[in-house]
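Q: Hi! Could you walk me through this one before I start clicking around?

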Amino acid sequence: MSNTTTSVPPPTRTAASRNLGLIAIFGSIVLALLGLFFTAEDVDQGSSVRIMYVHVPTAWVAYLAFVFTAVCSAGHLWGRKHSLNLDRLAGASAEVGVIFMGVTLVTGSLWGRLSWGTYWQWDPRLTTTAFLFVTYVGYLAVRGLGGTQHQRAKRSAIVALFAVLEIPLVHFSVLLWRSLHQEATVLRPNGDVKMDGLMLFSLVFGVAVFTTIFAWLVLHRNRVLALVDAVELRGIDAALEARRAEEVPS
Amino acid sequence: MKHADFIVISWVLSFAPIALYAWRNARRARRLDPFVEKSDKPWT
Amino acid sequence: MKETSVVDVRDAVVLLGSFPALAEATLTIGRGELVVVQGANGAGKTTLLRLCAGLLPLARGTAHVMGHDVSSDRAAVRASVGFLGHANGLYLDLTAGENLSFWGDVVGASRPEVTSAAQRMGLNERLLSTQVGRLSAGQKRRTALAVLAVRRATLWLLDEPHAGLDAAGRDEIDALLRDAVGAGATVVVASHELERSASLATRRIEIVGGRIIESGGRK
Amino acid sequence: MSASRVVGVARAVASKDLRIEWRSRVMTNQVLPFAAIVMVLFAFALDNDGILQRVAPGLVWMATLFTSLVVVQRSFAVESADSAIDALRLAGVPSHGVYLGKVAALVAQLVVFEAVLAMLALILYRVNVDLHGAVLLVTTCVLGSVGIAALAAVYGGLSVAGRGRETLLPLLLLPAVAPVLIGATRATESAFGSDGARTVEGWPWVGLLAVFGAIFLFGGTLGFGPLTDE
């Protein structure tokens, strides 16, 4: 890619989004310093606790994203205007949520390798997360089914509400399922650690940083989706012109 | 692999997809820009 | 205004994918008319009928059918419309009679109504007890029209109803359509067969490139 | 929209679906042999009698899930073959009625399949069931089928009725039915006495299945109409 295209700021940028992005980057650097260098090692987990400072925040934000998707979807369905912007926000939020959830799964299994000695453990939280990852990949596939923008909005809003309903159901049933085989999880650390002040602060700070990143990504993505929709509508104008030019057969 | 490698890989794998997503998003926006008009960008 | 016209379409744009099958079509049809829509393949005949049936979303413009807004009140539109497209909307594994009584059950029609609809379309006992998948094209079409009659539609939208029928079958359908108009229904027929529709129609309109051009006036 | 109208439509749709399946024999001649061969293949894959007895409940429900995908696709392919789905949309028919009818027909078919699969498990995997276990098994099959069918009808309507989206169905349906799979497998374990499970331990899982079924049925009744009506 040439220099001229990258040096131009993207058309989705505003002063506010730029500042939000800078805060996110600065926060990430501070978080890395805190998490990787300044905090102490955990008495049980040792240094593997350092994965927690990215793992826990991404998990939290992924769930936040899915709830936000559901809220926007409900707003689209029951709002008087059936706002397409709410639909695009729902879509943007779900995309970012899927990315964060993917990150959560990867860091979770890396942490598991250190703490449990295995990449995968049928831990209720990990299992639920894997299910939701697939569920929201399905949601994104539904968004891509085509049709008019309003069809897409209505269809995906309903699927989003089904998906958010699945979060507690899947989690609850997986918890019950695991309670039968408790030996596995009781003897091994499950990720809850006793934290000193700085460790706890770093974790909370991490949640704040990733929430900022989430907001920044969704803001931009929402605007890109608005551009995509706008281009589609402008394409209709061109197609209408072409259709009008069709010759009347004699 | 050493303990520390896992931790570094975790951090890299956390931020890399996010950065990639943001970059691709910005590139998409730049490519779409010539086809829209100012009225399509109410945030500007 | 909207009460007097059965169909009132203004500057309607309907997209199939990104293709504007209807490109700002405008059309008004009054009660009791038998309108024949003519046009080349791909001109937008089918799309116009499907729009009036509330089966397609409107990208731009407005469309009212029986006074109901097609984009916001589709349920009301559909309840009063009988639509017959290229497909017959029948269950191929069931017999013609089972199809008819299923639709009768679904719309709440009585048994005598179902029987009389079958008789009017010339469906005898033998045909009624034959699986639809084994019927000829014309027999399927007659079954589908009988279903429309069971549904007591007040606006009939028929897409190429003569397709695949022999001369006798075509005359039967024409007679049925005149009966329906006589009974107070409004009928819109899409067809590319000029001379047949000329004898049938009270009005002819032509559709070209997704737009409507009035040609033949009222007789 | 009166309740009796909804029930009337549901009954008409369900009996129509079952009549079509009975008439076409696709289920008995194609899907049932498929389910049976899956059970035999499981035995080849897990070449050990002890293991088979322990995992029999899971295998029965996995086979049920795979079969349900075929059954649901078939149920909506029948509607779209000659655009009958358009006719249904156009008839001013209450969509709740169509949904409940579809679910009822699916439940009836799934219960038959589960009965056959359970019989095969008894024979091929040498599982034993006493009377109490049989009652538990039947209840589990009915409630589990309601949960699966309630979700499958929604996602089937979305993916199959709109042409060329069939591949989406497993992606949407399988993660969503995980709670049903968990509950039904545990209850069936108790009924089969697999791994020393006692029969009475199965009933709480049956309660869970009832809750899931009710939630999915409620959500599906609300969502089916707007989702399939495009």
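Predicted model: local features only at pLDDT ≥ 70, side-chain atom pairs only at ≥ 80, totals over all residues.

Q: Thanks. What are the ipTM and pTM scores?
A: The model has ipTM 0.86 and pTM 0.88.

Q: And what does chain D average in pLDDT?
A: Chain D averages 88, with 97% of its residues scoring at least 70; pLDDT is the predictor's confidence in each residue, from 0 to 100.

Q: Now the contacts. Which chains share the most?
A: Chains A and B do, of the four pairs of chains in contact. Two residues are in contact if their C-beta atoms, placed from the backbone, lie within 7 Å. Chain A brings 33 residues to the contact and chain B brings 26. On the chain B side there are 16 nonpolar, five polar and five charged residues. For those classes, Ala, Val, Leu, Ile, Met, Phe, Trp, Tyr, Cys and Pro count as nonpolar, Asp, Glu, Lys and Arg as charged, and the others, Gly among them, as polar.

Q: Which chains does chain B not touch? I'd like the distances too.
A: No contact joins chain B and chain C, and their closest C-alpha atoms lie 16 Å apart. Chain B does not touch chain D either, with 23 Å between their nearest C-alpha atoms.

Q: How many residues of chain C are in contact with chain A?
A: 13 residues of chain C meet twelve residues of chain A. On the chain C side, β1 (5-16) and β2 (19-30) each supply at least two residues, and β2(C) gives the largest share, four residues. That side divides into nine nonpolar, three polar and one charged. Helices (H or I, at least four residues) and strands (E, at least two) are DSSP runs, numbered from the N terminus.

Q: Which helix of chain A lies across those two strands?
A: Helix α8 (residues 197-244) of chain A lies across β1 and β2 of chain C, at about 65 degrees to β2(C). Axes here are lines fitted to C-alpha atoms, for helices over the stretch in contact, and angles run from 0 to 180 degrees between N-to-C directions.

Q: What sheet do β1(C) and β2(C) sit in?
A: An open sheet of four strands, antiparallel, in the order β2-β1-β4-β5 (chain C). β2 and β5 (68-69) of chain C are its edge strands, each pairing on one side only. Nine bridges link β1(C) and β2(C) in the antiparallel sense, and C:Ala12 stands opposite C:Ala25. Two strands pair if DSSP finds at least two bridges between them.

Q: What about the six-stranded sheet?
A: That one is open too, with mixed pairing and the order β6-β7-β8-β3-β9-β10 (chain C). β6 (81-84) and β10 (211-214) of chain C each have a single partner strand, so one side of each has no neighbour in the sheet. The twist from one strand to the next averages 20 degrees. Inside the sheet, β3 (residues 34-38) and β8 (residues 186-190) of chain C pair in the parallel sense over four bridges, with C:Val37 opposite C:Ala190.

Q: Which helix lies across β3, β7 and β8 of chain C?
A: Helix α7 (residues 167-182) of chain C, running at about 150 degrees to β8(C).

Q: Switching to chain A: how many helices and strands?
A: Eight helices and zero strands. Buried residues make up 42% of its 250 residues; buried means 20 or more other C-beta atoms, placed from the backbone, within 10 Å of a residue's own, exposed means 12 or fewer, and partly exposed is in between.

Q: Which residues of α2(A) are buried, and what covers them?
A: In α2(A), A:Ala24, A:Ser28, A:Leu31, A:Leu34 and A:Gly35 are buried. The cover includes α3 (49-78) and α8 of chain A, together with α1 (3-32) of chain B.

Q: Last one: where is D:Arg25, and is it buried or exposed?
A: D:Arg25 is in the loop between α1 (3-24) and α2 (26-45) of chain D. D:Arg25 is exposed, with 11 other C-beta atoms within 10 Å, and has a positive phi of about 60 degrees although it is not a glycine.

Notes:
Residues numbered from 1 in each chain as written. Chains lettered and ligands numbered in written order.
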